[in-house]
Amino acid sequence: MEPVTQSLLYLDNVSVVFDGFRALNALSLTIDEAEMRAIIGPNGAGKTTMMDVITGKTRPTKGEAMFAGIHDLTKLDEAAIAQLGIGRKFQTPTVFDMHTVEDNLLLALKEDRRAFSNIYWRRTAREKERIEILLERIRMTDQRFRKAAELSHGQKQWLEIGMLLAQEPRLLLVDEPAAGMTDQETADTAELLRDIAKTQSVVVVEHDMQFVRDLDVKVTVLHEGSVLAEGSLDQVSANERVIEVYLGR
Amino acid sequence: MNGTGFIDRKGWFFIAIVLGAAVLVPVANLMVPEGSPLHVSDYLVPLLGKYLCYALLAVAVDLVWGYCGVLSLGHAAFFGLGGYAMGMYLMRQIGPRGVYGNPILPDFMVFLNYKELPWFWWGFDWFPFAFVMVLFVPGLLAFLFGWFAFRSRVTGVYLSIITQAMTYALMLAFFRNDMGFGGNNGLTDFKDILGFSISADGTRAALFAASALALAGGYVLCRALVTSKYGKVLVAVRDAESRTRFMGYRVENYKLLCWTLSAMLAGVAGALYVPQVGIINPGEFAPANSIEAVIWVAVGGRGTLVGAALGAVLVNAGKTWFTGLLPEAWLFALGALFVLVTLFLPRGVLGLWDTLAAKRAKPADTAVPAAKPAE
């Protein structure tokens, strides 16, 4: 099939209506290969709904959502979309509490996802090596045998980012990665995400303006389910309509 | 499977006890003379065998509830179907020795004016066929039920209620005479199993040993599953289902496999139960039976397999003793037990044992935080 578009992610005129409420209203957005984008917007702007559409949790009422130009995201389910290479980190860190840090990463590794073949699974040298590298990257090598439930909030956030990386996605959707982190952790997280964006596309939804400034990338402002403004953080913060929305006229 | 070490110390201990019982109980019943303090009475052998069948049912419930997070209130359905499959084989073994002396039709069919054997009874005179049905019928029901339920993402209490409805519906269906399964009275008056008299001491002892082997085998199978990567995914589904889905796992397939296997184990438990108690009737499908199985697992320790088996034996031994004392009060005692365990022993008897063992192992560690006030 011929790619419809060169962009990695292509949303065109997407609307989602819940019982008459327009969560997304003709939203259009494109993300390029290895691009990092920050999405900001007040509560109810449609940020989470947008992620739900991209990951297959919510079906759009109308509009088009394409991945890598050839995959129609509106026709696939969550598992299929994840296997295509779209990883999602939730707002509240969701890790597998009863598993060790290492097992959390192991389950996330891009490997056979079928039930039957996982009964006969044995750890390969390659899996072991990749887990080592990931542990190193999220700085949790010394925590590897701890249960995820025992980790601090910030560590869980990092573990979840590590799990996202283990999936080797082409596009990472990251919902408020800095929520509840200390200043140092926030700065480290920004650095980690910038590093990831060298090879993979990253979409970050964030409330923390300092964090967005640290990321230093193109910003998209959502409001009432559609794009209000797009550009650098300085540009959008100078935009009159953005000020109006954020400060409430 | 996770290398050689998928069975832990507790597991080996459990297997040793069950296999030990498989040998010792028959020996103590058949070889040790009556009157000796080591003699196991003829009354006790099938009773203990029954406990082992319940223990296998509990292990099956624990596999889906403890590891996959699916609280089944309908496992009695699978247990009962396995039991009926075995019961049908046993009925066909009666042959012309029934009250009406019909060589083909079981007594209840003669009584109900059946002219010929219904098609779904065909083949049940042959043990290997009956054995396959013991696995196949509960497995098929579980597969169909799970296919629809898990695909439609029915979870939590809604799923539990549907499982309860499933077993209730089966109970009502089997109560009807024209279902062809003996209606209200069920299947009973068994004579032989595999050519051996079902009431003979040797047969009883062999059935006990078979139950013990099935329990040990079922445990090893479940343990291999839950320690594999498949099992790790199951636990992930239990604790964070949507996370697992967004990671690319087809959660419904994982649940379906676990659920179907569990149902087949329950079917085996039912099949071993019927020849030891000598009857199977629609009462086995009663919703209360499924709930009791869940209580055994909770009492023993959910998500441990060994605990589930232990809980089944403990609660049923308690039931036997208590109903001898105060039959009417048993359900109240069971309810109280469930409430107490939920409140004070959330990890069951096995969890309590673990806690005590940990305290004994390193008393210094636990003393330190107590000595130091809050930081």
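**Figure 1. The lining of the largest cavity in this predicted model****.** Seen close up, the largest cavity is lined by F150(B), R153(B), E241(B), R245(B), V251(B), E252(B) and K255(B). Its volume comes to about 30 Å³, and the structure holds 1 cavity of 30 Å³ or more. Two elements of chain B, helix 9 (241-246) and helix 10 (251-277), each supply at least two of the lining residues. Helix 10 of chain B is the biggest contributor to this lining, giving 3 residues. If you sort the lining by class, you will find 5 charged residues, 2 nonpolar ones and no polar ones.

**Figure 2. The largest pocket and the residues around its centre****.** Here we turn to the largest pocket, which holds about 1,100 Å³ of space. Its lining counts 33 residues, and those closest to the centre are M98(A), K147(A), Y67(B), G303(B) and T304(B). Several helices of chain B each give at least two residues to this lining: helix 2 (44-67), helix 7 (201-227), helix 8 (229-239), helix 13 (330-344) and helix 14 (348-361). By class, the pocket lining is made up of 13 nonpolar, 10 polar and 10 charged residues.

**Figure 3. Where chain A meets chain B****.** This view shows the contact between the chains, with 33 residues of chain A touching 26 residues of chain B. The two chains bury about 2,800 Å² between them, and 62% of that area is on carbon and sulfur atoms. Look for F96(A), L107(A) and I119(A): together they supply 22% of the area that chain A buries against chain B, more than any other three residues.

**Figure 4. A salt bridge between K232(B) and D103(A)****.** In this close-up, the side chains of K232(B) and D103(A) come together in a salt bridge, with 2.9 Å from N to O. Between chain A and chain B the count is 4 salt bridges. A search of the whole structure, over all chains, finds 35. K232(B) sits in helix 8 of chain B and D103(A) in helix 3 of chain A, so this pair joins two chains.

**Figure 5. Polar contacts and the chain A side of the interface****.** Across the interface of chain A and chain B, 15 residue pairs are in polar contact, counting pairs with both residues at pLDDT 80 or more. On the side of chain A that touches chain B, the elements giving two or more residues are helix 2 (78-84), helix 3 (101-108), helix 4 (115-119) and helix 6 (153-166) of chain A. Helix 2 of chain A provides the largest share of that side, with 5 residues. As for class, this side of chain A has 16 nonpolar, 11 charged and 6 polar residues.

Key. Residues are numbered from 1 along each chain as its sequence is written. Chains are lettered from A and ligands numbered from 1 in the order in which they are written. This is a predicted model: local features need pLDDT of at least 70, side-chain atom pairs count only at pLDDT 80 or more; totals for chains, interfaces and linings use all residues. Side-chain values use heavy atoms; hydrogens and water are left out. Contact means heavy atoms within 4.5 Å. Buried area is the accessible area (1.4 Å probe) that two parts lose on being put together, summed over both. A polar contact is a pair of N or O atoms within 3.5 Å; within protein, one must be able to donate a hydrogen and the other to accept it, and residues adjacent in sequence count only if both atoms are side-chain atoms. Helices (H or I, at least four residues) and strands (E, at least two) are DSSP runs, numbered from the N terminus. Ala, Val, Leu, Ile, Met, Phe, Trp, Tyr, Cys and Pro count as nonpolar, Asp, Glu, Lys and Arg as charged, and the others, Gly among them, as polar. On a 1 Å grid over the protein atoms alone, a cavity is a set of points where a 1.4 Å probe fits but cannot get out, and a pocket is an open set with protein on both sides within 12 Å along at least five of seven lines; lining residues have an atom within 4 Å of a point. Grid points are joined across faces, edges and corners, and a volume is the space filled by probe spheres set on the points.
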